[in-house]
Amino acid sequence: MSPSFYNHTNPQDMWYVLIGIPGLEDLHTWISIPICSMYIVAVVGNIFLIFLIVTESSLHEPMYFFLSMLAFADVLLSTTTAPKMLAIFWSHSMNISFASCVSQMFFIHFFFVAESAILLAMAFDRYVAICYPLRYTTILTSSVIGKIGIAAVVRSFIICFPFIFLVYRLTYCGRNIIAHSYCEHMGIARLACDSINVNIIYGLTVALLSTGLDVVFIIMSYTMILLTVFQIPSWAARCKAFNTCGSHICVILMFYAPAFFSFFAHRFGGKTIPHHIHILVANLYVVVPPMLNPIIYGVKTKQIQDRVILLFSSTSTCC
């Protein structure tokens, strides 16, 4: 039926209904328990990691500055989504205005793209540290680190800001049920009654040319790192390099794998992947990586372990 047969709705007057995880409504209370636990661990763990890096002068190195940026992005990404998800699961607070929905959509994509850029910067940091150790401090100065952080934010804003115009330009006809726990670009666009081809094309272009290229450059960086590591004659030095890079690779896999699964499942897997599986994975990828990042770096990074032990031992001595 042509869109002209529908009653058009002003987006500013619309309220959406986020239904959570479709098909698993009876399990929302049980699902909320691990999600709430992971969110608390993510916020507390990442804030503690930022506090540790800021207050401990021995951690004022490029790798840890990038790690603090990652921790900050993790807190913001999980906080953009988890509170509303828990409100849906606990109190059935499903209504959200169009403006609030679009705002949440923007910040989710913004923090995701920014975090992807930070992971690329961390891969570059390891590449320079292992492949050019004598030039490490001259290449990654405080000024360069600051510029990389600003570039990550600016790039993310430039990429994600058009999403707002893309959803506002659409014509809506009163459909307001979003089968999701939070608002994202294609979830809003699919409620429109006119063509969303531009939205689909732009979304795919962004995924391939921003985060997709980030993944390619990250793989290239770690390939060159591995080639360099295998040429190191000392087994102790090799183990140290593998230990540091191993934690980075774990974080990268946890971040990109579920995110790309959710992205492509939403666009191409509608008939093959059960919808509740797609939404469940989408819910988990905004809380699981933020929760595990400080744990992985705390376990795999000796400098952070030492500072944590020293901090708690001095605290217990004072008490």
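Biologist: How many disulfides does the structure hold?

Modeller: The structure, which is a predicted model, holds 2 disulfides, a disulfide being a pair of cysteine sulfur atoms within 2.5 Å. Residues are numbered from 1 along each chain as its sequence is written, and side-chain values use heavy atoms, with hydrogens and water left out. Since this is a predicted model, local features need pLDDT of at least 70 and side-chain atom pairs count only at pLDDT 80 or more, whereas totals for chains, interfaces and linings use all residues.

Biologist: What makes cysteine 101 and cysteine 183 a disulfide?

Modeller: Their sulfur atoms are 1.9 Å apart, and the cut-off is 2.5 Å, so the pair counts as a disulfide. The link is left-handed, with -110° about the S-S bond. It joins distant parts of the chain, 82 residues apart: cysteine 101 lies in helix α3, and cysteine 183 in the loop between β3 (177-178) and α6 (185-189). Helices here are DSSP runs of H or I with at least four residues, and strands are runs of E with at least two, numbered from the N terminus.

Biologist: Why is α3 called roughly parallel to α7?

Modeller: The axes of α3 (residues 98-131) and α7 (residues 197-229) cross at roughly 20° and come within 9 Å. Axes are lines fitted to C-alpha atoms, for helices over the stretch in contact, and angles run from 0 to 180 degrees between N-to-C directions. Angles under 35 degrees count as roughly parallel, over 145 as roughly antiparallel, 65 to 115 as roughly perpendicular and the rest as oblique, so α3 is roughly parallel to α7.

Biologist: Which residue classes make up the contact of α3 with α7?

Modeller: The residues of this contact (heavy atoms within 4.5 Å) divide into 14 nonpolar, 4 polar and 2 charged. Ala, Val, Leu, Ile, Met, Phe, Trp, Tyr, Cys and Pro count as nonpolar, Asp, Glu, Lys and Arg as charged, and the others, Gly among them, as polar.

Biologist: What makes α5 and α7 roughly antiparallel?

Modeller: They pack at an angle of about 170°, with their axes 11 Å apart, and the angle is over 145, so the pair is roughly antiparallel. Among the residues making the contact are Ile158 and Phe163 of α5 and Tyr202 and Val206 of α7.

Biologist: Why are α2 and α3 also described as roughly antiparallel?

Modeller: The axes of α2 (residues 62-91) and α3 cross at roughly 160° and come within 9 Å, and this angle too is over 145, so roughly antiparallel is the term that applies.

Biologist: Where is confidence lowest and where highest among the helices?

Modeller: In pLDDT, the predictor's confidence in each residue from 0 to 100, helix α11 (residues 302-318) is lowest at a mean of 70 and helix α5 (residues 142-168) highest at 94. The protein averages 85, and 91% of the residues score at least 70, but pLDDT stays under 50 over residues 1-5. Where pLDDT is low, the predicted coordinates should not be read in detail.
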